[in-house]
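Here is a short tour for you, with the sequence and the 3D view to hand. Have them open as you read, and pick out each spot as it comes up.

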Amino acid sequence: MSQHHASHPGHGHRHGHDHHDSTHLDWSEMASLLERQAEIASPAYAEAAAWLGTLAPVQGVRRILDVGSGPGVVTSLLVEAFPAAEAVAVDGAPELLTRARARAEARGLGARVSTRHAELPGGIAALGQADLIWAGNSLHHMGDQSAALAEFAGVLNPGGLVVLVEGGLPRRHLPRNIGIGRPGLEARLDAAHTEWFGEMRAELPGSKDEPDDWRALLAGAGLTPAGTRTFLVDVPAPVSPAVRELVLAHYERLRDGLAVRLDADDKETLDRLLDPADALSLHHRTDLFHLTAHTVHTARKG
Ligand SMILES: C[S@@+](CC[C@H](N)C(=O)[O-])C[C@H]1O[C@@H](n2cnc3c(N)ncnc32)[C@H](O)[C@@H]1O
């Protein structure tokens, strides 16, 4: 995610304990949040997929791997954008793959979308060759990103594309002054999240500390960078109930996951924002919006 919008600090729930500030991610627990988030970003992802169609011959893309697919919202968009392709949604969380399958079937794409449970990057070589590999906010969950990219390059057909969604802009839901606490809450949440993200990465198996120069990492895997673009997700106020629910779920995770990194005032502000009895809470505010941007990096083999 980009670290800003795709990684979610929250409870670890490991061994039945409440792990405040855990860097462990329970992806299944996040299924609805991931799904709603991707649904709201769908117009931006569809635009990104259409752009990919200008970089790769649309009819020539026959097999797509959506690596770290989560609930498969983008998997379905990709097969819609590449009508000659079948796609494999690959993820380490079986519950998310069940959602990916159900979504594809509901959209009449069941015959062209399959799912594969794999703990990456170990399982990449077994996924078979592909013309397009999409890794949406998933590469940064692999300890050694360079090694994972080299594996992606290994299963890519000549002329094929690797596509990374990484970076972009941190999401924003609230104006600077929300009438509670100190103005600038979201900037301080970003700072706390950036710290959390660094620790999350440091604890990944085989973690390697390297700069997030995505084009350089792609080139290091023997690929030729083929263009980078950023796609805006812009949902202004007044938001629908679904967007409000997404913002509430996001803030609940932030309160649970980042509390130990925030000062008492900001924790109190988060509690008020989440309290349905508070007129200024996220439940009732009229100033809520959803604004973020996803950066898409591409590179070609051969
Ligand atoms: C932030 S979510 C992104 C989901 C989806 N690509 C999207 O953009 O909506 C990251 C996904 O990567 C998966 N993931 C993280 N680490 C993984 C690993 N080592 N092996 C397989 N899947 C992994 C998670 O289960 C999760 O579904």
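Phe 82 touches Ala 49, Leu 52, Gly 53, Val 58, Val 61, Ile 64, Arg 112 and Leu 132, leaving aside residues up to four places away in sequence. In this predicted model, Phe 82 sits in the loop between α4 and β2 (86-91). Its relative accessibility is 0%, so Phe 82 counts as buried.

- Phe 82 and Asp 131 are separated by 49 residues in sequence, and their C-alpha atoms are 11 Å apart in space.

**Overall build**
- You will find ten helices and eight strands in the protein.
- A compact globule of 302 residues would have a radius of gyration near 19 Å, and the protein agrees because its own value is 19 Å.
- The C-alpha trace spans about 55 × 40 × 35 Å along the principal axes.
- Of the 302 residues, 51% are buried.
- Among contacts with a separation of 6 or more, 79% are between residues 24 or more positions apart.

**Surface and charge**
- The accessible surface amounts to about 12,400 Å², and carbon and sulfur atoms hold 54% of that.

**Backbone features to check**
- As a reminder, most peptide bonds are trans, and most residues other than glycine have a negative phi.
- Leu 120 and Pro 121 are joined by a cis peptide bond, with omega at about 5°.
- Pro 121 belongs to the loop between β3 (113-117) and β4 (130-136).
- Another cis peptide bond links Ala 237 to Pro 238, and here omega is about 0°.
- To find Pro 238, look in the loop between β7 (224-235) and α9 (241-258).
- Asn 137 is not a glycine, yet its phi is positive, at about 55°.
- The loop holding Asn 137 runs between β4 and α6 (145-155).
- Is Asn 137 buried or exposed? Asn 137 is buried, because its relative accessible area is 10% and the cut-off for buried is under 20%.

- Ser 69 is located in the loop between β1 (63-67) and α4 (73-81).
- With a relative accessibility of 10%, Ser 69 counts as buried.
- Beyond residues up to four places away in sequence, Ser 69 touches Thr 75, Ala 89, Val 90, Asp 91 and Leu 97.
- Arg 261 lies in the loop between α9 and α10 (264-273).
- Arg 261 has a relative accessibility of 19%, and since buried means under 20%, Arg 261 counts as buried.

**Helix α2**
- The buried residues of α2 are Ala 31, Leu 33, Leu 34, Glu 35, Gln 37, Ala 38 and Ile 40.

Methods
Residues are numbered from 1 along each chain as its sequence is written. This is a predicted model: local features need pLDDT of at least 70, side-chain atom pairs count only at pLDDT 80 or more; totals for chains, interfaces and linings use all residues. Side-chain values use heavy atoms; hydrogens and water are left out. Helices (H or I, at least four residues) and strands (E, at least two) are DSSP runs, numbered from the N terminus. The radius of gyration is taken over C-alpha atoms; the globule rule is 2.2 Å times the number of residues to the power 0.38. Buried means under 20% relative accessible area, exposed over 50%, partly exposed in between (1.4 Å probe, protein chains only). Contact means heavy atoms within 4.5 Å. Accessible areas come from the Shrake-Rupley method with a 1.4 Å probe; for residues, only the protein chains shown count as cover.
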